[in-house]
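Let's walk through this one together, a piece at a time. Keep the viewer open and follow along as the elements come up.

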Amino acid sequence: MHWINFPLITIMIWSGLRIYWAEQEFAFGILDWELFAFFPDGFNEALGLDRKLARGLAFHLSFGWLLTFNGAAYLAYLAGTGGWRQLVPTRDQLRRVPAVVLHDLGLRKEAPPKDGHYNGAQQLTYTVVILMGIVIVATGFALFKPVQLSFLVTMFGGYESARLIHFSTTMLFVAFFAVHMIQVVRAGRRNFTSMVTGYEVIDIAPADEPGSSPTPDSNGESDDMVVGTSNA
Amino acid sequence: MREVEEISIEDYKKRSRRSFLTGGAAAAAGWFTFRNIQSAELVDRAPGPLRAVHEINESIWSSLFREDHLAKEYDISEASILRVNGRHGLRSELDLAGWQLNVLGPDGEELGTHTLDDIKALPWHEMNIEHKCIEGWAQVTNWQGARFSDFLALYEDQLPDDISDVYMETPDGDYYVSVDMATMRHPQTLLAYDNFGEPIRELNGAPLRLATPLKYGIKQIKRIGTIQFLRDRGGDYWGERGYDWYAGL
């Protein structure tokens, strides 16, 4: 479920940009070079709009369902397995978030204490990302059927506001993805392998309580014990 | 707490190889599917699979459609004259004096013709609604005119029961739309001839246009010349050019 998000969100952003280009309401500088290229086509009437906006809408409104179903399945999975307990931070863990962030930025020497599967900053981030997922799907439906689902539009403060929230949340997703990638690379090969296989390699010494003492930072290819929970 | 399983490093290597292979195969299959959609045969200029989802979306949302669910209305102070965004069907000269509305039945038979005064004789209604363009912009605007349902009542006796769509086109035939009957019967679907107490401007659709908050602007045809009642979906300018035929909001 986690991995499906990557191609789905990529397609959603790609098709979303085609929709956005048709009417670039939010003046974001980064996109200027694209807008420039679009306009001559856009004025080219049927063909220009047809190639981009119509196709973009068709992709967006098709793959949006897949993203919605995948998200719903993931939420059901979290609820069903109790996996949400690993994700939603406790108050104590929230308190340690600044320490984790400072450590990761290299501004704080001593590593924060191990906090179970995910540390406080991860928990906070992943929880917020899930909430962002809910917001982006809900605003998406608000924009898709603003009259039939008018309660959603009202909830998000109107059509224009829902549009802005939908767009901004996308930008946050892009920002999250960048940091996410940096962190995965920093966490090393073992961590990445565990993301794919559902197992993580740990050194044999503290084998009394395997699950709680992963050592993703340890270097070397020590052929030790492997533990895992077979989740995907 | 989930169970933790311990396995040997050999087993682990085997499983991780298997996982990466499965993952790689899934990625390749995904890419292949995506390319296939991109190059699928076009149906009304949309790739077949995506056109199929448009149709599924239509069946979902048209079955949820309620004629008594009204779109939000606004205060007149929030409304302004609608931005002009398309001139399809308006390129020929507007002949106000010679204009008339032709009404056809499902087999093309002539049912009647109307002057603007005929439409103005129907009960007058006004609405300030948010007009939404499929390109993404929206604007609160004002429309004044007759409910299509009141116009329809003039013909109800002559029409067969299985009318499902209303086809409308401009006098020159260059722009045309097809709208489902449920939307046409809705109380917020107007044949509009005025806005802000003045006749609608030429590029906004004079002398008579369709106005409804239930569809994107592409369906709200300007300068209607002919109305035809159909048993099935008729032609639709943008629907034939890759867009969702339903275009409902």
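Is strand β8 (residues 165–169) of chain B largely enclosed by the rest of the structure or left open, and why? Five of its five residues are buried, so β8(B) is largely enclosed. Here a residue is buried if 20 or more other C-beta atoms lie within 10 Å of its own, exposed if 12 or fewer, and partly exposed in between, with C-beta atoms placed from the backbone. Both faces of β8(B) are covered: D165(B), Y167(B) and E169(B) are buried on one side, and V166(B) and M168(B) are buried on the other.

Before going further, some housekeeping. This is a predicted model, in which local features need pLDDT of at least 70 and side-chain atom pairs count only at pLDDT 80 or more, while totals for chains, interfaces and linings use all residues. Residues are numbered from 1 along each chain as its sequence is written, with chains lettered from A and ligands numbered from 1 in the order in which they are written. Helices (H or I, at least four residues) and strands (E, at least two) are DSSP runs, numbered from the N terminus.

Now for the neighbours of β8(B). Two strands pair if DSSP finds at least two bridges between them. On that basis, β8(B) is joined to β9(B) by five bridges, and the two run antiparallel; D165(B) has D180(B) as its bridge partner in β9(B). Five bridges also pair β8(B) with strand β13 (residues 226–230) of chain B, again in the antiparallel sense, and there V166(B) stands opposite F229(B).

Step back and you'll see an open sheet of five strands with mixed pairing, in the order β5-β4-β13-β8-β9 (chain B). Its edge strands, β5 (110–114) and β9 (176–180) of chain B, each pair on one side only. From one strand to the next the twist averages 20°, an angle taken between N-to-C directions on a scale from 0 to 180 degrees, with axes being lines fitted to C-alpha atoms (for helices, over the stretch in contact). Over at the β5(B) end, strand β4 (residues 101–104) of chain B runs antiparallel to β5(B) through four bridges, with L101(B) opposite H114(B).

The loop between β8 and β9 of chain B is where you'll find G173(B). The hairpin has six residues between its strands, and G173(B) takes a positive phi near 75°. G173(B) is exposed, with 12 other C-beta atoms within 10 Å.

L50(B), R51(B), V53(B) and H54(B) are buried in α2(B). They cover an arc of only 155° around the axis, so they sit on the same side of α2(B); the arc is that of the directions from the helix axis to the C-beta atoms. The face turned away from that buried side carries exposed S59(B), I60(B) and S63(B).

Finally, hop over to chain A, which has 10 helices and two strands. Of its 232 residues, 25% count as buried. The axes of helix α6 (residues 97–104) and helix α7 (residues 120–144) of chain A come within 7 Å and cross at roughly 100°. That makes α6(A) roughly perpendicular to α7(A) (angles under 35 degrees count as roughly parallel, over 145 as roughly antiparallel, 65 to 115 as roughly perpendicular and the rest as oblique).
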